[in-house]
Amino acid sequence: MGLVYLGWYDESYKNETNAAKWLGRAARLGDLNAQFWYADLLWNGIGIEKNEDDAYHWFLESAYNGHSGAMMKLCHYYMDKLLEFPEEMTDEEDDEFQEYVWDSFCWAKYAAEYENAEGMYMLGVFYYQGFGGTVDLELSRKYLDLAVQNGNKDAQQFIDENF
């Protein structure tokens, strides 16, 4: 019902408040797609008050249930967190920074394992840059090639520019 109210099937049914209500109900019942879309509505404040903490919770629930799109949302969430750190960091800040690097890397890896083309692309870039570990050009190329095979055009551009 929630996607109907988002206007996916017929724009005349669009009602974002009802979409949030129905997707929230389905999310609480364990539907991983509803968890993902409910999180997205919460994150963006669509049809419901914006609440990034609750959105994060529902992205996690959806990711733990196998939604690769939620895994990529979490990957980007942690990457965005990295931008908040100053150039000069305390040891504690550096530890937190490294934890976010690792979290971002892991969520991309999980998404790639679920055959998510964006996850494959990000993992290829991460291996190329040594993000989350050491530089590994062989693994980088492997994941970039997989991303291309799965339709990710950014991966082909990255290969063209870097290999």
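## Glu-16 and Lys-14

Glu-16 is partly exposed, at 34% relative accessible area. Partly exposed lies between buried (under 20% relative accessible area) and exposed (over 50%), with a 1.4 Å probe and protein chains only. Lys-14 is also partly exposed, at 40%. The two residues form a salt bridge, with the closest N and O atoms 3.9 Å apart. A salt bridge here is a side-chain nitrogen of Lys or Arg within 4 Å of a carboxyl oxygen of Asp or Glu.

## Basis of the values

The model is predicted: local features need pLDDT of at least 70, side-chain atom pairs count only at pLDDT 80 or more, and totals for chains, interfaces and linings use all residues. Residues are numbered from 1 along each chain as its sequence is written, and side-chain values use heavy atoms, leaving out hydrogens and water.

## Pairs within helices

How many salt bridges does the rule give? The count is five.

One of them joins Glu-113 and Lys-109, at 3.5 Å from N to O. Both sit in helix α6 (residues 91-113), four residues apart, or about one helical turn. Helices are DSSP runs of H or I, at least four residues, numbered from the N terminus. Glu-113 is exposed at 52%, whereas Lys-109 is partly exposed at 26%.

Another links Asp-145 and Arg-141, with N to O at 2.9 Å. These residues lie in helix α8 (residues 137-149), four residues apart, about one turn. Asp-145 is partly exposed at 27%. Arg-141 is partly exposed at 32%.

How values were computed
Helices (H or I, at least four residues) and strands (E, at least two) are DSSP runs, numbered from the N terminus.
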